[in-house]
Amino acid sequence: MTTPTSPRPDAHDLIALPGVRQWARRIAEDLVVGRTCLLMLPTGAAAHAEDLLHAVLGDRTHWQRIPPPDKLPEPAADEPEDDPGPQWSGQPPILDLGDTFLTDLMTAAFGTDAVLTPLSPRSRPPSTTLDRVKGIEARLDSILPARVPGSDPTIDDVYRRLTVDHADGCIYVLNATEEDDPDALARLLMRLPSSVKAAGLAPEQRPRLLVAATTDRLPATTPDQLARGDVAVHWWWGALGRLDTASVTAVNRPLLSRAAASYGPTGRTHIAEAVTQASIVEVCGPHLVLAATLATLWDGRPESLRITLATACGSHPTAPTPQPPTAHRTGALAHQPPDALRAQWNTGTIDAWDGHLRHHPATLCTVENGTELDKLLWVAHSRTLLPLIDDAREALAAQVLPTATVSDEQLLRLYGPDLATTRNASTFDRLHAMEIGQLLSAKTNGHLRFTTQQSAALYTLRNARNLLSHRQYLPSTTLDLLLTKLSP
């Protein structure tokens, strides 16, 4: 994907990510049923507009690109130019015939047979010139077959030709991230679908648009005003997921040293790397470039994360203080950014990711959000380590249960798990489900015998589990000791 010296996912890598492929597939399915599709991208994603359009089109061959604004065709030869104003007829100018002095003067100069003709302005084009095709429609018209000679090249004529003369199911592709006429773009998105609907064309015959645009290239209300039955609006909102960030993080992590690689990574190395990558994914969320950068810079120690994150974020503008979790969850489940958040979404300071609203990680480096980074670290540690801690607890229980000084029934009665959770389990399974605290109580009361090494492992598991249970991440010392016990 990228090298450590340039930790930036390129366009090819972006469209290969599973979240992007799923997003593109949903758009392609809307095109199949004959709907025009509008892709709404934030400013930061505009550079990837071309690649996203190609990802949607896939291996389709029946599509045409609408030329960009700088490719506007020259006016037709028979099209009248702008009216330059009145022209002199070559005859003496008309005068006020009531002025006898001037009349006598002109008669003496030109004779009594002189024709006094008024200025003859150039004939104006018909009134349809006001509706004459230009701008986006002119560029669209330029890729259609030549019109019938003598036909009036109006906007109505362009849409009539698309829906009647050339209704062949072609997809007209437009990268509108550089368009400079928002009203014309809005008119195109509204008028072509309505013309198709009025013509009653079958899905396979409908000409439709595939347009990629940013919010500053359209009137603010246009995306919400489009007829949703005819136009599908796909926002770049929640398009990326956890697997996408994890993929970028893993590829940009430094490789093991040559000495370590010659002997192969240990179990401890694998677990430590899993915790580090999970932490980067959780902290960076949908911000892939930042995830790639942090993956190359961070040494994995929780204590150094904040300063390394600040270095990776650089001068990125910070977003406002995050909203309450309920508002995060509600907004993130929508298919588009709420109106109040669109400005922040457009600048890349907020997005939906993994079912929550996620502010840019630059906010995590501020004093006001000091606990938010700790919370994300705790989530990463919990996701990665709790299953391993439980596996280690079960293995430790299997080792010490044969040393019990009381019967299994008495052991269950004194330390067994809650019957409500193990009602149909056998005695063997219930004994192996004893929690860390119950094992510690049995050890303290002398009902289970532990070796020195087993006791150390039990206390390590208990300390780590207690910290995670109280929503705290594991500091480096506790984490290092836990990793040693999890992979002896």
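Tutor: Four bridges join strand E8 to strand E9 (residues 356-359), and the two run antiparallel. Strands pair if DSSP finds at least two bridges between them. Helices (H or I, at least four residues) and strands (E, at least two) are DSSP runs, numbered from the N terminus.

Student: Before we go on, what kind of model is this?
Tutor: This is a predicted model: local features need pLDDT of at least 70, side-chain atom pairs count only at pLDDT 80 or more, and totals for chains, interfaces and linings use all residues. Residues are numbered from 1 along each chain as its sequence is written, and side-chain values use heavy atoms, with hydrogens and water left out.

Student: Back to the hairpin. How many residues sit between E8 and E9?
Tutor: Two, and aspartate 354 in that turn has a positive phi of about 55°. Aspartate 351 has arginine 358 in E9 as its bridge partner.

Student: And which way do the residues of E8 point?
Tutor: In E8 (residues 350-353), Ile350 and Ala352 point one way and Asp351 and Trp353 the other way, and all are buried. Buried means under 20% relative accessible area, exposed over 50%, partly exposed in between (1.4 Å probe, protein chains only).

Student: OK, zoom out. How many helices and strands are in the chain?
Tutor: There are 21 helices and nine strands. The chain has 488 residues, and 42% of them are buried.

Student: What's the strand order in the open sheet?
Tutor: E2-E5-E6-E1-E7, five strands with parallel pairing. Strand E2 (63-65) and strand E7 (231-235) are at the edges with a single partner strand each, so one side of each has no neighbour in the sheet. On average, neighbouring strands are turned by 20° against each other, direction ignored.

Student: What holds E2 to E5?
Tutor: Three bridges, and E2 runs parallel to E5 (residues 171-175). Tryptophan 63 is opposite isoleucine 171 in E5.

Student: Which residues touch the most other members in the largest nonpolar core?
Tutor: Leu38, Leu185, Leu210 and Trp236, out of 65 residues. A nonpolar core is a set of buried Ala, Val, Leu, Ile, Met, Phe, Trp, Tyr and Cys residues joined through side-chain atoms within 4.5 Å. Helix H7 (residues 182-199) gives the most to this core, with seven residues. There's also a second, separate core of 31 residues, which includes Val400, Tyr415, Leu461 and Leu483.

Student: New topic: how do H9 and H12 cross?
Tutor: The axes of H9 (residues 242-252) and H12 (residues 288-297) come within 8 Å and cross at roughly 35°. Axes are lines fitted to C-alpha atoms, for helices over the stretch in contact, and angles run from 0 to 180 degrees between N-to-C directions. On the H9 side, Asp244, Thr245, Val248, Thr249 and Asn252 make the contact (heavy atoms within 4.5 Å).

Student: Last one: where's histidine 287?
Tutor: In the loop between helix H11 (267-284) and H12. Histidine 287 counts as buried because its relative accessibility is 13%. Not counting residues up to four places away in sequence, histidine 287 touches Gly348, His359, His360 and Pro361.
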